[in-house]
Amino acid sequence: MDKKKIKAIIGQLKAKRIGMHGVDFLLSWEKTREELEATFLVADALKGMREIGVSPKLWKSGIAVSNFRDNSTRTRFSFASACDLLGLYVQDLDEGKSQIAHGETVRETACMISFLTEAIGIRDDMYLGEGDKYQREVGAALDDAVKSGVLPSRPAIVNLQSDIDHPTQAMADFLHLAHYYGGLDKLRGKKIAMSWAYSPSYGKPLSVPQGIIGLASRFGMEIDLAYPEGYDLIPEVVQLSAKQAKASGGSLRTVHSMDEAFEGADIVYPKSWAPYDVMQKRVPLLHAGDQAGLKELEKSCLANNAKFKDWECTEERMKLTKGGKALYMHCLPADITDVSCKAGEVAASVFDRYRNDTYREAGYKPYIIAAMILLEKSRDPAATLAKLLARGSQRSATR
Amino acid sequence: MDKKKIKAIIGQLKAKRIGMHGVDFLLSWEKTREELEATFLVADALKGMREIGVSPKLWKSGIAVSNFRDNSTRTRFSFASACDLLGLYVQDLDEGKSQIAHGETVRETACMISFLTEAIGIRDDMYLGEGDKYQREVGAALDDAVKSGVLPSRPAIVNLQSDIDHPTQAMADFLHLAHYYGGLDKLRGKKIAMSWAYSPSYGKPLSVPQGIIGLASRFGMEIDLAYPEGYDLIPEVVQLSAKQAKASGGSLRTVHSMDEAFEGADIVYPKSWAPYDVMQKRVPLLHAGDQAGLKELEKSCLANNAKFKDWECTEERMKLTKGGKALYMHCLPADITDVSCKAGEVAASVFDRYRNDTYREAGYKPYIIAAMILLEKSRDPAATLAKLLARGSQRSATR
Amino acid sequence: MDKKKIKAIIGQLKAKRIGMHGVDFLLSWEKTREELEATFLVADALKGMREIGVSPKLWKSGIAVSNFRDNSTRTRFSFASACDLLGLYVQDLDEGKSQIAHGETVRETACMISFLTEAIGIRDDMYLGEGDKYQREVGAALDDAVKSGVLPSRPAIVNLQSDIDHPTQAMADFLHLAHYYGGLDKLRGKKIAMSWAYSPSYGKPLSVPQGIIGLASRFGMEIDLAYPEGYDLIPEVVQLSAKQAKASGGSLRTVHSMDEAFEGADIVYPKSWAPYDVMQKRVPLLHAGDQAGLKELEKSCLANNAKFKDWECTEERMKLTKGGKALYMHCLPADITDVSCKAGEVAASVFDRYRNDTYREAGYKPYIIAAMILLEKSRDPAATLAKLLARGSQRSATR
């Protein structure tokens, strides 16, 4: 990347008609095609600036709040890196440490953490019907607080994974694909197999496969969604994705065979998730704090999972893909057979061959997050980027 | 707020005779009236600068330590926001993570965390007779370390709540009042009801009501301190406040009826706290680690509390206040009847009506904290602020 | 310190032939004498800049990761302070919070936390044969990731204590000695007693005494390593240190008497550590998660320790040292008899007399850490420092 290339990206960005200022990026399908493209462009521009040593620090001070209601290593670091890059200082809202258990409402906490805050990253993916709802509740509370003069400005909410979508992951995945194939337009007509895979662990959220089909269907891809009977995704998301696929000139087909999905695929994304009915049953049990019931559910779920140990991304299956050379993708960490577990989502030799690809894929996430924040907080993102580039502030003083 | 207004504030600050450099703000009654006013002025100036987009970053690097010996959400974020605004990076001294349990003395820890540190925020409000003492021990250790050349400079200690006072809260509360009424002088003659209120929780510190009467008594207010028999505050604080009230042209009266306190009040502050004798009994039990004794004490305390469920800030009681329109205040989170608990400190409809006021009240805290740090670390605060304003460094580069 | 003095230090640095760029500082004996001296010079220059108020901020953004696999207060704060001084934002890799337990390999985690990262500090001192190995595994993974284009640059690994060495501690200790005696060259011929001492606690790592003899043996010192039978250090480290001592014109002698070691010593470093065979037995028990076995081992170890309660740095023993005035050193926290425990490593009166010396000793650690990072990340450290000094950016705007 050089300065000229970054200027060209900013030029492309200027041509996009977008309305992202002040609007949270919660679900990719709430964004227009041009808005998705704008996000990729800003991410590329920020990555380019860091490569050439120009600091894209947007703020001299400001807080970013991270609220992880589920564990995370890579997303936590991606969010911290993105915020630091823009000049924000991350403060964790650790609900264990806080008084949230003692009667604070969502609305109140949202305000109390936001007096000098520019962005709030939220991961809340454990309860079906809850995570996205919680993010919108926080957003509505912030809107009210700005309107009534309680807050000086509206922090951006970054969806770091909800029960419905995982847009920072899916957008990073597709920026990877765009670079891998030399442009988003190259995705048209490519076949992607978004397939369930066996994992010895339990209860993984549905948001990754939902995010992938929700985004793949925007770019004219031929999508095979594959899973064993009972491992459905949220029906509305699948229906919407099918509609989107058609509209963009592609297709979405649900199959119950990993082989069928892999057949002739350009891209495979084998990834475990929990059965839909288990996800539904978990919600009332979790709310009720019924530990015994949850244990029971887990046991029966794992027993059911075990019937599908052959849903593994093996070398044999990879041979079914286009030229035997489909691009393997994963949000990481993958359950790798004989490495992280006895039987998992992917054979060790397959993962090994694509390891660096998956790492590169992950490497886009900090820039996607930074792009989402910049686009929500800036009225004129192209002008903002042009200003940062022209400023030319050197990130490092090392010789 | 505009630049001219901020300059006027700085002008007012210049006229104050203060001796706050190098002196911790531990108890509001250790500060002169002019010093309190200076704190409000600096807070307003910093808030103004942020509003007009000028960064008041005082430091390019430097550590701020937060030491929370009791839970906190809002004060934690206020401290983090204040420090970030001034350019300090907050590092938590989490005594769970550290080796403090393994024989480190207060003196040693104070030095070890301070080699490049500008401010240390401490919340220690659980033990009567301990929190303020601990803050002074830390301060004395730092003084020694500076004198002996171990430390290059003396970090400011910020009292984020002790057993005696909660000055960042009380000062934020009164800055809110000053803005609400159009000036500190407008508080003269106003009646404030600092009243105990029922809460289903147990053992809340006495520092908020003590902080409020300790500060209200500086401004010529008519204070009614109301609580059920047995819920006394630290006697010395009440006596001192009474003396201060008289000296400032106001009064302090203790009553055992919420109605009496609300009668004709301009301001009401209904807030739960633990009975004084329970706070006293807790100390030896906590020191001894007598869990059974503490459980027993809690049970008897809650049973006693339950006798006073009618100490609630209801619509009926609000009608007793001046014109039925007293300003409701709370340090948050409030125990709201039928919202956060079955029976609490305040009726939902009352809280709802004043919600935004309580949020605005809370919004002053980051600036009060930042003001306390600036005043302790700067020899000439007016000159420092004037320099920051003249520098005109833009906090945000967004377009 | 003044600007002229700092320029002189930079001049001395320029004359050193070093190859530290891109090379981790894991064990002091992997560095040449000139490289050790360069580290001291950079630490002094950075300390000097901070003293005269010039910010040595190297980066405008960038992440530093802290990975503490064992508890820490002072090293945690030293690392945070060092990173903040250079402009890096510290993000904790808390393996409790992360998904590391769920099958992530070292390699993958190393990459995932490093996309925008400049430095990774690791403390891993609990398992003999594991800590140093782990740090090298992380390093190798990062090297691979840079080579394959996954990472834009190689983060520096800072050894915040391994099973073998504790170089940030030992280097801080020796910078303290250099200033105490007026130059590293003054250490030649000085006698240092690195002695085991009794502590009521169990299982302390061997890395401090190993680090001390590994470094003292570089400067022509007469080293007495003293411990009760069975409390050996890693044999290879002792052999190497003996060889180094001879090469530098000094000596290393192992004795089993504290008195013998103290006899005529210029410097004493009385410090507890675990018996070597206990450290060896712990590893398989820890790996196996054999809690009962560990408890049993601890009991027998403490019983064995108790036989050596007389290994204490008393006033009587101090009289054996040169002129009765040896310099007492400790990495802190010390087990002080009648202060932090009934019987410990050092008498209270001895510790009291040297308290400020030990605090000053600790005060060098942040600068040693910052120096290590600067030397690893800069191709021309002297030019980098000269640039930072010439830039003259004021750290504080206070008046």
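**Group meeting: a three-chain predicted model**

The contact between two of the chains takes 33 residues from chain C and 30 residues from chain A; two residues count as in contact if their C-beta atoms, placed from the backbone, lie within 7 Å. On the side of chain C that touches chain A, strand 2 (89-92), helix 4 (106-112) and helix 15 (381-391) of chain C each supply at least two residues. Helices (H or I, at least four residues) and strands (E, at least two) are DSSP runs, numbered from the N terminus. By class, that side of chain C has 15 nonpolar, 10 polar and eight charged residues. Ala, Val, Leu, Ile, Met, Phe, Trp, Tyr, Cys and Pro count here as nonpolar, Asp, Glu, Lys and Arg as charged, and the others, Gly among them, as polar.

A word on conventions. This is a predicted model, in which local features need pLDDT of at least 70 and side-chain atom pairs count only at pLDDT 80 or more, while totals for chains, interfaces and linings use all residues. Residues are numbered from 1 along each chain as its sequence is written, and chains are lettered from A and ligands numbered from 1 in the order in which they are written.

Next, the symmetry. Chain C superposes on chain A by a rotation of 120° with 0.0 Å of shift along the axis, at an RMSD of 0.0 Å. Which C-alpha of chain C is nearest the axis? That of Tyr89(C), 4.6 Å from the axis. Chain B goes onto chain C with a rotation of 120° and 0.0 Å of shift, again given with an RMSD of 0.0 Å. That is the relation of a three-fold axis. In chain B, the residue that comes closest to the rotation axis is Tyr89(B), with its C-alpha at 4.6 Å.

Between chain B and chain C, 33 residues of chain B are in contact with 31 residues of chain C. Strand 2, helix 4 (106-112) and helix 15 (381-391) of chain B each give at least two residues to the side that touches chain C. The classes on that side of chain B are 15 nonpolar, 10 polar and eight charged residues.

Now the fold, with chain A as the example. Chain A has 15 helices and nine strands. A compact globule of 399 residues would have a radius of gyration near 21 Å, and chain A agrees, with 21 Å. The radius is taken over C-alpha atoms, and the globule rule is 2.2 Å times the number of residues to the power 0.38. The C-alpha trace of chain A spans about 55 × 55 × 45 Å along its principal axes.

Four strands of chain A make an open sheet in the order 2-1-3-4, with parallel pairing; two strands pair if DSSP finds at least two bridges between them. Which strands stand at the edges? They are strand 2 (89-92) and strand 4 (156-162) of chain A, each with a single partner strand, so one side of each is left without a neighbour in the sheet. From one strand to the next the twist averages 20°. Axes are lines fitted to C-alpha atoms, for helices over the stretch in contact, and angles run from 0 to 180 degrees between N-to-C directions.

Strand 3 (residues 117-124) and strand 4 of chain A pair over five bridges, and Gly121(A) stands opposite Val158(A) in strand 4. Helix 3 (residues 74-86) of chain A packs on this sheet and touches strand 1 (63-68), strand 2, strand 3 and strand 4, with its direction at about 170° to that of strand 1. Helix 14 (residues 365-377) of chain A also packs on the sheet; it touches strand 3 and strand 4, and its direction makes about 145° with that of strand 4.

Elsewhere in chain A, strand 6 (residues 222-226) and strand 7 (residues 251-255) run parallel and are joined by five bridges. In strand 7, Leu252(A) is the bridge partner of Ile223(A). The chain crosses from strand 6 to strand 7 through helix 8 (residues 235-247), a right-handed β-α-β crossover: with the strands pointing away from the viewer, the path from the first strand over the helix to the second runs clockwise.

Last, backbone geometry. Most residues other than glycine have a negative phi, and most peptide bonds are trans. The peptide bond from Leu332(A) to Pro333(A) is cis, with omega near 0°. Pro333(A) sits in the loop between strand 9 (327-328) and helix 13 (348-363) of chain A. In chain B, Asp338(B) has a positive phi, near 70°, and is found in the loop between strand 9 (327-328) and helix 13 (348-363) of chain B.

Methods:
Copies are superposed by least squares on the C-alpha atoms of residues with pLDDT of at least 70 in both.
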